[in-house]
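Opening the notebook on this two-chain model.

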Amino acid sequence: MNWLREHKTFTVILSVFLVLIIVVTISYRNIGNSTVLGRSADRVVSLVQWPFSAAANGIKSGLRGILQFRSVLAENEELKDRIAELNREIIQIRLSQAELDELRTLSNVLGYEDVTPHYTYVTADVIAMDGSNWFNLFTINAGSEAGIEKDSVVINGDGLIGRVLESGTGWAKVISIIDEQNSVSFKVFRDLKLLGILSGDGKGSLKGYMIDPEAAVIEGDILITSGMGMYPEGIPIGKVTKVEWNNDTLLKTLSIEPSAYFKNLQKVTVLVKK
Amino acid sequence: MRYRTSLIVFLAAFILQSTVMNHFRVFGMSPNLILCLVVIFSFLYEGYHGYVHGIAFGFLSDICFAPVIGVASVSNFAVALICVGLKRYLYKDSRISILIVSILGTVVYALLYWSIYRMLGFRADFLYVMKKEVVLLFYHILVALILYQIVIRDVIRHRNDRYMYRGNLQEARSLNRQ
């Protein structure tokens, strides 16, 4: 004890480090389960961040419009063509939908039970992103009041973004698939029988392997979610950039480029189970 | 400097970092303003600004943007300790000093942050992280130099006075006692 009294500075520093390490350990054991204090802090911070984020996004969009006027015009023309193309696709989809409704009615008449989960879509703005550059974690301005809960799936126009790590009133914290510790099951869009598992590679991208070592997957193949696990079927994940045979695991391993760019997200859609 | 004032500065930096600074990314990296402030406040000011706000805003950053709470606080605390230690060996009134301090701060923060997450089982490739840190290092030096230019007038009131002692205040007091 005398030694501790004589070395006050050292004792204080050591105590602070010990307390912080205890906090880290407790937090690690309860990932995604904040205390009331943590939730309140998140709520207050998201309320403060929202106007700043909205102003910054507004200024950026305005400046882009002014400085890149020609490219915006070209993009506008391109989007008009895309809208026309999508309208044609919508007509086809409506016809298929009518057919599907008929089949569903028939299935109800025959007494089959519908096991596919139904989702509602909640669109939210990204109000804050991880400033430390280490994770692609971000906060959105919709939360439990819109039915968003832990593990709700998050997508955008490009494809799969990730899942909700934690949510509260008016906010939800989203973790991207590239930071994800859990694996995601996928199938190859070109041949839906080819299945595999992927996860973050720790280098800002994705890596995975095919369940069948003989699977004929090639570079450039588009991967979509398989529907096994928490992610619903058919969401684009990314593109295969490299296929390799691993002699140690005797599996075909893949390098995958995610379809979404995580550093510049402004709007996302959350799939909420009905 | 009063703790109230430094609290406002850290709070403003935290809000800017998570909102506005995302639009100023270079190679996908935005500066860690809290770390820059921890370096500046620990090295240039007397008192415990760097320690206290480093730990507090480390917690806040982790609550909002990290899967595990406390890692940024540990890293900020370690950086503050190193910066305070460097006060004995470096002059405050020199841009070279702030350059050295910000490089050391960034490297120590990155190594500690990476090590802790690695120990907790998170996947983070060391070379990939260090490549990102090189970009961040230049960004942090730039931000630290800008912040230095802003606060140095407050830290050393009469910079052109050649006879003024420019080192550590505690050291100066001990010299006077002798």
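**The contact between chains.** I began with the contact, which takes 35 residues from chain A and 38 residues from chain B; two residues are in contact if their C-beta atoms, placed from the backbone, lie within 7 Å. On the side of chain A that touches chain B, the elements giving two or more residues are α2 (8-29), α3 (36-67), β1 (119-129) and β2 (137-140) of chain A. Helices (H or I, at least four residues) and strands (E, at least two) are DSSP runs, numbered from the N terminus. The largest share of that side, 10 residues, comes from α3(A). By class I noted 19 nonpolar, 11 polar and 5 charged residues there. Ala, Val, Leu, Ile, Met, Phe, Trp, Tyr, Cys and Pro count as nonpolar, Asp, Glu, Lys and Arg as charged, and the others, Gly among them, as polar.

**Ground rules.** This is a predicted model, where local features need pLDDT of at least 70 and side-chain atom pairs count only at pLDDT 80 or more, while totals for chains, interfaces and linings use all residues. Residues are numbered from 1 along each chain as its sequence is written, and chains are lettered from A and ligands numbered from 1 in the order in which they are written.

**Strands of chain A.** I then followed β12 (residues 267-273) of chain A, which pairs with β1(A) in the antiparallel sense over 7 bridges; strands pair if DSSP finds at least two bridges between them. Val122(A) has Val270(A) in β12(A) as its bridge partner. β12(A) also pairs with β3 (residues 153-156) of chain A, antiparallel over 3 bridges, and here Val153(A) stands opposite Leu271(A).

**Gly234(A).** I found Gly234(A) in the loop between β9 (222-225) and β10 (236-246) of chain A. Is Gly234(A) buried or exposed? It counts as exposed because it has 12 C-beta neighbours inside 10 Å; the cut-offs are 20 or more other C-beta atoms within 10 Å for buried, 12 or fewer for exposed, and partly exposed in between, with C-beta atoms placed from the backbone. Leaving out residues up to four places away in sequence, Gly234(A) touches Ile224(A) and Thr225(A).

**Helix α1 of chain B.** My last stop was α1(B), residues 3-18, whose buried residues include Phe10(B), Phe14(B) and Ile15(B). The cover over the buried residues of α1(B) includes α3 and β1 of chain A, together with α2 (33-44) and α3 (49-65) of chain B.

Methods: The expected span of a helix is 1.5 Å times one less than its number of residues.
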